[in-house]
There are 2 protein chains.
Amino acid sequence: MSRAPLRVAVLGAGTVGREVVRALRDRTAELTPADGAPLELAGVAVRDIERGRARGLPADLLTDAPAHLVASPETDVIVELMGGDEPARTLIAAALTAGKSVVTANKHVIAHHGPELEALARRTGAALRFEASVGGGIPVLGPLATELAANHVTAVRGIVNGTTNYILTAMHHEGREYDEVLAAAQSAGYAEADPTGDVEGHDAANKLVILARLAFGVWLDPADVTLAAPGAPGHACPGITGVTSGDISNAMSNGEVVKLIAQAERTADRVVVSVLATRIAQDSALGRTDGVLNRIEIEAEPVGTVAFSGPGAGGAATSSAVLGDLVAIGRGLGSTWAGLPPAGAAR
Amino acid sequence: MSRAPLRVAVLGAGTVGREVVRALRDRTAELTPADGAPLELAGVAVRDIERGRARGLPADLLTDAPAHLVASPETDVIVELMGGDEPARTLIAAALTAGKSVVTANKHVIAHHGPELEALARRTGAALRFEASVGGGIPVLGPLATELAANHVTAVRGIVNGTTNYILTAMHHEGREYDEVLAAAQSAGYAEADPTGDVEGHDAANKLVILARLAFGVWLDPADVTLAAPGAPGHACPGITGVTSGDISNAMSNGEVVKLIAQAERTADRVVVSVLATRIAQDSALGRTDGVLNRIEIEAEPVGTVAFSGPGAGGAATSSAVLGDLVAIGRGLGSTWAGLPPAGAAR
């Protein structure tokens, strides 16, 4: 390749970041698109340089100042894998403002600041890609925007949060109560110390907002996603926090399972979005999606219903989507929404 | 949009062609990519102009001379939906030679003449896109080449032929013999008058060769796909032609079903490909893929196993992939393999 390499800075070296850094160091040739620019690791921002070094990250590329990597004339593309709201939002916005393309797995920032970041990216022409923010390594945002671009999407539904699905699956198989299973999931590393974002449905709501952007062309407000409903299992508590072993055995006696279903449907005048503990047939494809698997179904015309499934989380799986987005930027494919019209705002 | 429209000629107005023509007439605005050129229907080649007119095709755009549409200075993109070997192969080659991009659903031509057509497209810079050739409207080739581009694929496996899956599903549920079910499928329109291509596994083998091009970077010879094996249900007859109700009830008594499984696996030095009637767990995702549904599983590092499922055939579903490819050409995204290295030939 005679093209100048794209110098990539990775912000955050957690489970996903470490996999991305390793691939950028070990598999440069493989990651060079035939019709685009090669990728070159230019820096890694970590919280603690000493710990990063101890974990085998390249000592000469480590910094604890992510904003310097964003501002540096020696970087072209920023990979944001820190998660959470700030400073991720400001760093992404700064990179786009500087005309640098951004790849992120940060569903919170994209769902909460989507309209502002899309406007910014469109203004500067920098690409913003976020395939990894939904479904880990499962291709779904790209296919919605490209292979399914000619469709009129009527509904998107799925299981998009691995932690809650792991907990519900364990409650179903083991007959134990929510608190007990949550504690076990936390010690096994399947749930975070503060599990609120997962178990109350906020993480799934963020992913649903992102799916809805690609499927329906609008940025919805995550606060508008219904997280509890009187009729749903869980007694009107958000997400899965109110689901009891009684709810689950009631469902079982009816051939059903309880799943946290994220759903967005187009009605005549708006898009209705919810993330609800839901009783569904055990025998259905969603009912059989167990453990940390994710499954996303798209209903659209003319295609009908297509589904995407696989591991929805994990460092290795998620790095697949981050690296795929980097290759796409090397090829000049633009943002995840490229090809679709600018989003309307439904907020 | 200020860009000049891409003038599209559709060759063939069967079930898929009619849907494509209808969308190009009725949904032009929707099909205009935000970052690309609009599409304009410039001609439709049919076998019988009178019949085409009677079926509501636009009379002023009809011709029975597809080669004229390919050669015309008034067309920019050729959509080949005639199927079969000749004249489709020659028409596609002529279009690419003239620098016109081509979209096709023709798995036979792509699988049998892939190396020659890829070389031609690369030489003239015309795009060749064929998402519709595998899995109908299910996005799978694009995701393999784009979202999964950073992966090392180790295996591709799936149910990719709706006719045989319909027959096997009916044999399973109704306990009837192959010949009887095939005849019923033929009168219901799920099998062709000459079903050889489907039931002997050739159609699935063609799709497997195309998947292998994207997954493994080589064009395999369809003749090298194993279609019968002594140990498989079906007594060493190709495809599903030897499967008896006894095979199916034997499988059932073991919690298994018989499915026609297309599989390509990378070994140390080559890619091993087969399309075989196979006993698999009834309880597995492939075992539960019934009727005309398709399901394709990709095993790759680092992503793990991801799966794509949905309607694998039908005019409406398949038109989704054809139209998606047209939009992609309007956006200048290049061939289905763009981004991947040129294929090696393993023939």
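**Figure 1. Strands E11 and E12 of chain B pair in the antiparallel sense over eight bridges.** The model shown is predicted. A hairpin joins E11(B) to E12(B) through two residues. Within this pair, Arg295(B) stands opposite Ser309(B) of E12(B). E11(B) covers residues 293-301 and also pairs with strand E7 of chain B, residues 152-159.

**Figure 2. Strand E12 of chain A meets strand E12 of chain B.** Three bridges join the two strands, which run antiparallel. In chain B, E12 spans residues 304-311. What is the bridge partner of Phe308(A) in E12(B)? The partner is Phe308(B).

**Figure 3. A rotation of 180 degrees superposes chain A on chain B.** The shift along the axis is 0.0 Å, and the RMSD is 0.0 Å. That is the relation of a two-fold axis. Which C-alpha of chain A is nearest the axis? That of Phe308(A), at 2.4 Å. Both copies use the same surface: 100% of the contact residues of chain A recur in chain B.

**Figure 4. Chain A and chain B bury about 3300 Å² between them.** Carbon and sulfur atoms account for 54% of this area. Three residues, Glu147(A), Ala150(A) and Pro302(A), supply 18% of what chain A buries against chain B. The contact takes 43 residues from chain A and 43 residues from chain B.

**Figure 5. Polar contacts and salt bridges link chain A to chain B.** Across the interface there are 14 residue pairs in polar contact. How many salt bridges are there between chain A and chain B? The count is two. In one salt bridge, the side chains of Asp283(A) and Arg288(B) meet at 3.2 Å, N to O. Side chains of opposite charge can pair when their charged atoms come close.

On chain A, three elements each supply at least two residues of the side that touches chain B: helix H6 (141-145), strand E12 (304-311) and helix H12 (315-330). By class, this side of chain A has 24 nonpolar, 11 polar and eight charged residues.

**Figure 6. Six strands of chain B form an open sheet with parallel pairing.** The strand order is E3-E2-E1-E4-E5-E6. Which strands stand at the edges? Strand E3 (62-63) and strand E6 (128-129) of chain B do. Each has a single partner strand, so one side of each is left without a neighbour in the sheet. At the E3 end, strand E2 of chain B (residues 39-45) pairs with E3(B) in the parallel sense over two bridges. In this pairing, Val44(B) stands opposite Leu62(B) of E3(B).

**Figure 7. Arg7(A) and Glu74(A) form a salt bridge.** Their closest N and O atoms are 3.9 Å apart. Arg7(A) lies in strand E1 of chain A, residues 6-11. Glu74(A) lies in the loop between helix H3 (66-71) and strand E4 (77-80) of chain A. The pair therefore ties together parts that are 67 residues apart in sequence. Over all chains, the structure holds 40 salt bridges.

Note on methods:
Residues are numbered from 1 along each chain as its sequence is written. Chains are lettered from A and ligands numbered from 1 in the order in which they are written. This is a predicted model: local features need pLDDT of at least 70, side-chain atom pairs count only at pLDDT 80 or more; totals for chains, interfaces and linings use all residues. Side-chain values use heavy atoms; hydrogens and water are left out. Copies are superposed by least squares on the C-alpha atoms of residues with pLDDT of at least 70 in both. Contact means heavy atoms within 4.5 Å. Buried area is the accessible area (1.4 Å probe) that two parts lose on being put together, summed over both. A salt bridge is a side-chain nitrogen of Lys or Arg within 4 Å of a carboxyl oxygen of Asp or Glu. A polar contact is a pair of N or O atoms within 3.5 Å; within protein, one must be able to donate a hydrogen and the other to accept it, and residues adjacent in sequence count only if both atoms are side-chain atoms. Helices (H or I, at least four residues) and strands (E, at least two) are DSSP runs, numbered from the N terminus. Ala, Val, Leu, Ile, Met, Phe, Trp, Tyr, Cys and Pro count as nonpolar, Asp, Glu, Lys and Arg as charged, and the others, Gly among them, as polar. Two strands pair if DSSP finds at least two bridges between them.
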